[in-house]
Amino acid sequence: MTIELQNDLRARVIEMLKDNVDDSDALDQLGPDDELTVLGINSVTFIKLVIAAEMEFGVTWKDEDLDFRNFMTINSIMNYIIASDDENE
Amino acid sequence: MKAAQIIFEQVAAGKMDRATGLQVLKALKLQQQSSGVKDIAVIGVGLDMPHANTLEQFWANIRDGQQFVRPLPLDRQRDTRPFITQFTSLREHEITFSQGGYLDQIDQFDYGFFNLSPKEAALMDPNQRLFLETAWKTIEDAGYGGNRLKGSRTGVYLGYADWPVYGQYISKRQPTLVDMASVGNTPSLIASRISYLLDFKGPAFLVDTACSSSLVAVHLACMALRNGDCDQALAGGVKVCLLPVDDVFAIGIESSNARTSTFDDSSDGTVWGEGTAALLLKPLERAVADRDRIYAVIKGSAVNQDGASAGITAPNAQAQEQLLLQAWKDADVPPDSISYIEAHGTGTKLGDPIEIDGIKRAFRQRTSKQQFCAVGSVKTNVGHLDSASGIVGLVKAIAALQYKQLPPTLHFTRPNRKIAFESSPVYVNDQLRNWEGRGTPLRCGVSSFGFSGTNCHVVLEEPPTKQPSFAVERVDTQPKRERAVLCLSAKSESGVKQLVNEYATFLRHSIADLRSICYTANTGRGHYGHRLALTAYDKEELCQKLTQLQQTGLTSVPTMDGVYYGEHRLRNVQRGEIQVGALTSEQLIAKNEQGRERIQQMMARTTSYADGLDEICRLYTEGADIEWQLLDMDEEIGTVSVPTYPFQRSRCWLELADEYTSEHYQALQGGDQNSIEIGECNPVRTDEAAVVDTTSSSNIVVKLTGRDSRQYNETEQTIANVWGMLLGLSEINVYDSFFELGGNSIQAIRMEVELERQHVTISSDDLYRFSSITELAANVIGSSREIALNERQELPIATLAVAQTEAAATAATMSQAEATVVRLTEAESDRTAIQVIIPAIEPFNDVFYKNCFFNSVFPVVRHFGQDPLCIMLNDLILYEYDQKDERGQQAASLDRGYRIRYDEQYPMQQMFQQLNMKVDIRADSSNIVAELIEAISHGSPVVVWVDAYYESIRKDTFEKEHLDHTLLVYGYNKEEQIFHVIEHDRRENLSYKSCVLPFADLEQGHVGFRERYLYRGHEATHYIFSAAPAPLTILEKVFRLDNAYEALLNGRTHLLEQSVQALTRYIESFRRWTSDEEQLKLHLEDTIAFCNEVINAKHVESYRIRQLYGLESDTLQSINRIIKKWDEVRKGVVRYLYLPVYKPEVFEACCVRLQEVVEEEQRLAQLLLTPCN
């Protein structure tokens, strides 16, 4: 994946997060490897994020494969999407 | 033979020529023949026995026929009760203390002298503390104190055979302190701690053969000296009674009348006693060559076993006979030259006749003489010291040889009818007699037989007849030749004063030559920071000077002729401050050099002896190391007995035991009847609560000393508080080194962590460079000044102002009466410090247990050294279906009946008692802020209920939502008007952190809670925690973590069955609710809530299983599978919440998972019911 694409993906992930967390202002201060739990994401809102990601990026995950830990940081979400993308193709 | 091998190899390798090799081999062989060590000299004796801590006192007691069996002193009863209730089935009122030969105190110890912190010393087994002091005294008594034996091949042989009561108590009651207590309670370290302190290279170990342990230790030490394992050896024994109760620990040999009446017809057993004694042993030839004081000579010894006797603990006359013959052979002395035997003499019906029978049989093999040998037993005086009994008998025999008298054995009125003394070689010595040899040196034997069957006998002889001249005072032919110097030093001024007193008395009685006394004191003792040097021409002058010092104190030293006193401490780094008496290593080296030069000049007579002497005394008191032995090269000087180190003892005992009184017992009994639950579900009314006194809470502010100005900055105080908490000190000199006070590398790391929490940044490495408070604080302030400035600018001043205004507004709305209270408490709170932060409070984020209350309490539990796991293991976690609920609700919402139930085994109040925590439960407060400050300044953390709506640090509720919630308050700052609290920023999120909360927020939160929630499901507003005394035994099994689940499930397995039934029923409901979209919409929220509740509870289960059984256990894997399945179910349901597209197959899959959960739950229950899974 090229740098542009990666930057693009990051922007889209952040955009998606903004729509789905309580405290979207705090998101701006968040680094790519900072834990999202500070935004108030927990195991329930996590599903909300998953669904948002599925809709946004056109991937689907089986519930038994979903692991909260893959959604802990912006980078891990990106990796998860990229990996699933590859699988789907 | 190693040397020979080396020679052969060297010759073979051509590195040594053949002729030289042969020569060396011959010389070696010759040397071995001539140095065949056999006789062992006793050169030092140390003891701590009832009413005696020197051999002289002990001898006087025995000689005068005193006996020391008595009831247990009251203080000791208080200290012992917790052990008894912990380890026996006795309840408080059932305890009957045994009579015994008790020491007055076993809690006193000079921890500072041994570089231990008071905390570590308090956690140390009293056996280890007592023996350590006695070992030190013994070495000093031999004249080898200070560094003289440092690095030597000295062995330590200790007879010890006891249950580790003290350590076990800690592991039961204060498990979090086990790491700190482990060294002090490992029995083998009783022997090796002295080796560590003095860098001994010889073997160090415990000998356990039951009652004969210490005499066997002496035997092994002699063997080791003979075969060259070590150059000198310390041998001894120690015994304290920590469970001195009648009957419980009886082994069947106890006397019925609390007397040990050895060899008397009425005798029916023994009485237990306490004490410690040690000997320093050395090959006789070496001792003579080294001009050591020789108390007695061990000619030979033997050890054997009863083998298959009448019973494993029954004695065997034949084995005893063989033992004596073997010992006599080893000693190589004619048996009829032995005129006294210190018998094992327990006074039992079986033991006494067998012992005399064994002696008789042995003598009869070698002589037919009648009644030529006296027998006696020190057990009639001091009782049976169990593993230490042999060494005490030996010490009595050594004293008898010294004083050439045979002391009386007591309680002997009528000879035991089963013993025919008339026709035996022995007679019972029941009166004091002069002891005269029959043309041979005085000889005696000492027996000690073990309950284990291992027997030991030692043959002693009086020291070589030629008395060294130094042991008696010389009549000086040239009076007033030169002044002698006596150096007295200690680690404290009070220690020096004590030495002055002891020497003033000692000099009046000692017959030894003054120069030998000074030589022993100067070369045979360590030299410490507080030093006194006295010069005198004779004993009389010295006595006068000491008496003057006794009367006028050390301040009069400058006015006295030839007397010097100084205090110094060594400092590696001086940072700006010059302290009186502080020496850098460079300065010390210079002083040492000056001292050496002076002595050389004195020897070479290039300076007058008198001038030189005054100069070196001055240097000495300034801290110089003076080689005193160079001043006394005289052949006629040798080691004599002089006073040993003046230990400055203070109480070192488990804190738990401290407050234990029968009043507490009654209070607890009362508390039990009104058992009370606290927490969100079952709160308590204040009037019902067993409100316990808070007066005994420890004050956490450490007093600083050492600086003349008495001014200490805030950083120093903060460091001191943490330091004091870690080491258990209430007062610290700012110049004292962390490590000399007993700190170690692990505590250094804890220092770093604790100080970080108080916003003082250090690195544990800094402590090695800046080991005193003064240095460390200077370093911290120096490096953090800029950061501190920046932080100050960032302070949200505006917020503070608002907070104060709100506080004022709140105050204004209060009633008149309340306002009065405010003024009163404000006056009171003036006495409290501006800032207090209770140390060792860490957020608990491992798991979210039940509700916020517990997550606020767990840091407190840990603060008091307890494990939150104990509280978590008080509940069975169950699925529950409440039919009543369902009927009430009917069709509207059928799932309301399902929930998770935490089924408590014991009420929470009892749990806190069990964890040695007191909780003062309060409802309502007219001035919560003042109350919190008061509690915290006493070291009591407080859990407070608030309405989280008013908490500015909450992201989810602040000014959005009302929520009943708890905070843990553990610190305050009156200037900044803030509390230090542990809080999370949103509910059920494991992100508890240390935060600060304005006084006003807490006040409002408290008022809000009272208005909205108090007496509407909540009965309390805050809980003040403090340490409690050791409680009683009711709930012990809860804390046996190894079988925690067994205890929890005991008799309640039906609850588990009901739980699975409820789950099965839930699956049916779940299937119904998810069967179509309409149903699902109706039940969605409750289903998700239930899933959340279950998963959270299962995480608690997983946490405690992991703590108990570890990561690898089947149980953990089982519970984790359950969590995973529930998580999948939740995902399926939540997915519909956010993306409402109804897919029946998703919910069918969920039902399958739930069915699997049922199976897994049953498997888990089986695993938990199987012990040791």
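1. The model is a predicted one, and the points below should be read accordingly.

2. Strand E16 (residues 530-536) of chain B is joined to E17(B) over 5 bridges in the antiparallel sense. Within that pairing, Ala533(B) stands opposite Tyr564(B) in E17(B).

3. Another open sheet of chain B has 11 strands in the order E4-E3-E5-E6-E1-E7-E14-E13-E8-E9-E11, and its pairing is mixed. Its edges are strand E4 (204-207) and strand E11 (426-428) of chain B; each has a single partner strand, so one side of each has no neighbour in the sheet. The twist here averages 25° from one strand to the next. As background, the strands of a sheet pair through backbone hydrogen bonds, either parallel or antiparallel.

4. Strand E5 (residues 232-239) of chain B deserves a separate point. Of its 8 residues, 8 are buried, so the strand is largely enclosed by the rest of the structure. Gln232(B), Leu234(B), Gly236(B) and Val238(B) point one way from E5(B), while Ala233(B), Ala235(B), Gly237(B) and Lys239(B) point the other way; all are buried.

5. Strand E3 (residues 154-159) of chain B runs parallel to E5(B), and 6 bridges join them. In this pairing Gly155(B) has Ala233(B) as its bridge partner in E5(B). With strand E6 (residues 275-283) of chain B, E5(B) pairs in the antiparallel sense over 7 bridges. There, Leu234(B) is opposite Leu280(B) in E6(B).

6. Elsewhere in the 11-strand sheet, strand E8 (residues 338-342) of chain B runs parallel to strand E9 (residues 373-376) of chain B, and 3 bridges join the pair. Tyr340(B) has Ala374(B) as its bridge partner in E9(B). Helix H12 (residues 317-331) of chain B lies across strand E7 (296-305), E8, strand E13 (443-449) and strand E14 (454-461) of chain B, and runs at about 145° to E7(B).

7. Helix H6 (residues 126-141) of chain B has 16 residues and spans 22 Å from its first C-alpha to its last, close to the 22 Å expected at 1.5 Å a residue. Since 16 of the 16 residues of H6(B) are buried, the helix is largely enclosed by the rest of the structure. Asp125(B) caps its N-terminal end, with a side-chain oxygen 2.8 Å from the backbone nitrogen of Asn127(B). Just after H6(B), Gly143(B) takes a positive phi of about 85°.

8. Ser389(B) is in helix H15 (residues 389-403) of chain B. Its relative accessibility is 5%, so Ser389(B) counts as buried. Leaving out residues up to four places away in sequence, Ser389(B) touches Cys211(B), Ser214(B), His344(B), Lys379(B), His384(B) and Ser448(B). His1018(B) is in the loop between helix H34 (999-1012) and strand E31 (1022-1027) of chain B. His1018(B) is buried, at a relative accessible area of 4%. The side chains of His1018(B) and Asp964(B) are joined by a polar contact of 2.7 Å.

9. On chain B overall: the secondary structure comes to 39 helices and 31 strands. Of its 1173 residues, 57% count as buried. Among contacts between residues at least 6 apart in sequence in chain B, 78% join residues at least 24 apart.

10. At the interface, 20 residues of chain A are in contact with 15 residues of chain B. The area buried between chain A and chain B is about 1500 Å², with carbon and sulfur atoms giving 55% of that. On the chain A side, Val44(A), Ile51(A) and Asp63(A) lose the most area to chain B, together 37% of what that side buries.

Terms used: Residues are numbered from 1 along each chain as its sequence is written. Chains are lettered from A and ligands numbered from 1 in the order in which they are written. This is a predicted model: local features need pLDDT of at least 70, side-chain atom pairs count only at pLDDT 80 or more; totals for chains, interfaces and linings use all residues. Side-chain values use heavy atoms; hydrogens and water are left out. Helices (H or I, at least four residues) and strands (E, at least two) are DSSP runs, numbered from the N terminus. The expected span of a helix is 1.5 Å times one less than its number of residues. Buried means under 20% relative accessible area, exposed over 50%, partly exposed in between (1.4 Å probe, protein chains only). A polar contact is a pair of N or O atoms within 3.5 Å; within protein, one must be able to donate a hydrogen and the other to accept it, and residues adjacent in sequence count only if both atoms are side-chain atoms. Contact means heavy atoms within 4.5 Å. Two strands pair if DSSP finds at least two bridges between them. Axes are lines fitted to C-alpha atoms, for helices over the stretch in contact, and angles run from 0 to 180 degrees between N-to-C directions. Buried area is the accessible area (1.4 Å probe) that two parts lose on being put together, summed over both.
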